[in-house]
Amino acid sequence: MRALRLTAWGEAPAPTEVERPVPHGAEVLVRVEAAGLCRSDLHVIDGAPGVLPYRLPFTLGHEVAGQVTALGPAAEGVSAGDRVVLYGPWGCGSCARCAAGSDNYCDRRNTLAWHGAGLGRDGGMAEYLLVPSARHLVPIGDLPADQAAPLSDAGLTSYHAVAGLRHALVEGTTAVVIGVGGLGHLAVQALHATTASRVLAVDVREDALALADRSGADFGTLMRPDTARVLRARSGGMGADAVFDFVGAAQTLELATSVLRPGGELSVVGSGGGSLTVSKPGVLPPGFRLSLPFWGTRRELAAVVALAHSGALHVETERFPLSVAAEAIDRLRRGQVRGRTVLVPD
């Protein structure tokens, strides 16, 4: 079968012919219908030797949807023909958090040589994916695969970030989403669907603000020198109750802290290399709380799928055949993708 494999750090992944896997024990074989491509994949591809614990080579792809085609003799919980989406973060499987379905916060994460499908273990940018256990699969019914696949990271991570601050987003509050890309536009939708908060969106691109508007944002603005003033005015002068930064660069973190009201909540999801200095009085809003959400739980993924079935979540996608993955990766690097990139087998 054809697979897109990372064979050397810092080099482009190579289309490769590999043997179709055969499930043993509790393993499940999934025929891939769609696999998402995101900036996390770029971080893996660009990794320097020794930075990540992963052993080469392996197939990329942690956002995966498809159909169960074969099961190992000890596999339980799914049947051949079931359409599923992959729960991507694979923990040790035995700690208390993994047992509770929170592999994203596995207690042994730092000791593992892999972090999930496409992250040190073979992923879904291939015709088939071997999943170690049905516990990593969530049913999707008739949900289109190109919608379901991005839900497993872009949808789940955004939902998890919003869920963590839902207590603060009651009637009359304001939430700001910075960066309306593959994750940010789903965060806008999750906020609109699951909270009573007013949603303001910020980006550097006009087309991203149009996407924010389609996603249900109450207001959108380009990032400019006066953006903090504009956002404060839109929040009644008090500032935002919660800010979700899906970029995480120095400029966006500065904006986030300048628009946050005292006692507000800052959720930093993006990994753009910015930093916060906590030792300078007056730089950060007093009483603010910082969270660094990572992915989400299996139960939350089921909730995300349910929201998609209800029509409350819709992923804006650009589809590419797996055979032109190099073009898709290049467009993602250049910031030329609207929403989420999805690769589909040829």
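This is a predicted model: local features need pLDDT of at least 70, side-chain atom pairs count only at pLDDT 80 or more; totals for chains, interfaces and linings use all residues.
Which residue in E2 is the bridge partner of arginine 2? I started my notebook with that one, and the answer is glutamate 17.

**Entry 1**

Strand E1 covers residues 2-6 and runs antiparallel to E2, with 4 bridges between the two. I then looked for the rest of the sheet and found an open one of 3 strands, ordered E2-E1-E4, with antiparallel pairing. I noted strand E2 (14-17) and strand E4 (58-59) as the edges, since each pairs on one side only.

**Entry 2: the largest pocket**

Next I went looking for pockets. The largest one holds about 1,400 Å³ of space. I counted off 47 lining residues, and those closest to the centre are Arg39, His43, Phe246, Gly270 and Ser271.

Which element gives the most to this lining? It is H1, with 4 residues. I also listed the elements that supply at least two residues each: helix H1 (39-45), helix H3 (145-165), strand E12 (198-203), H7 and strand E18 (340-344). By class, I have the lining down as 23 nonpolar, 18 polar and 6 charged residues.

**Entry 3: the second largest pocket**

Strand E9 (residues 128-131) gives the most here, with 3 residues. I wrote the class split as 8 nonpolar, 2 polar and 4 charged.

**Entry 4: H6 against H7**

H7 had already turned up in the lining of the largest pocket, and I wanted to see how this helix packs. For two packed helices, the description comes down to the angle between the axes and the distance between them. Helix H6 (residues 227-234) meets helix H7 (residues 250-259) at about 35°, and I have their axes 9 Å apart. What is the handedness of the crossing as H6 passes H7? I noted it as right-handed.

Definitions and conventions
Residues are numbered from 1 along each chain as its sequence is written. Side-chain values use heavy atoms; hydrogens and water are left out. Axes are lines fitted to C-alpha atoms, for helices over the stretch in contact, and angles run from 0 to 180 degrees between N-to-C directions. A crossing is left-handed if the near helix is turned anticlockwise from the far one by less than a right angle, and right-handed if clockwise. On a 1 Å grid over the protein atoms alone, a cavity is a set of points where a 1.4 Å probe fits but cannot get out, and a pocket is an open set with protein on both sides within 12 Å along at least five of seven lines; lining residues have an atom within 4 Å of a point. Grid points are joined across faces, edges and corners, and a volume is the space filled by probe spheres set on the points. Ala, Val, Leu, Ile, Met, Phe, Trp, Tyr, Cys and Pro count as nonpolar, Asp, Glu, Lys and Arg as charged, and the others, Gly among them, as polar. Two strands pair if DSSP finds at least two bridges between them.
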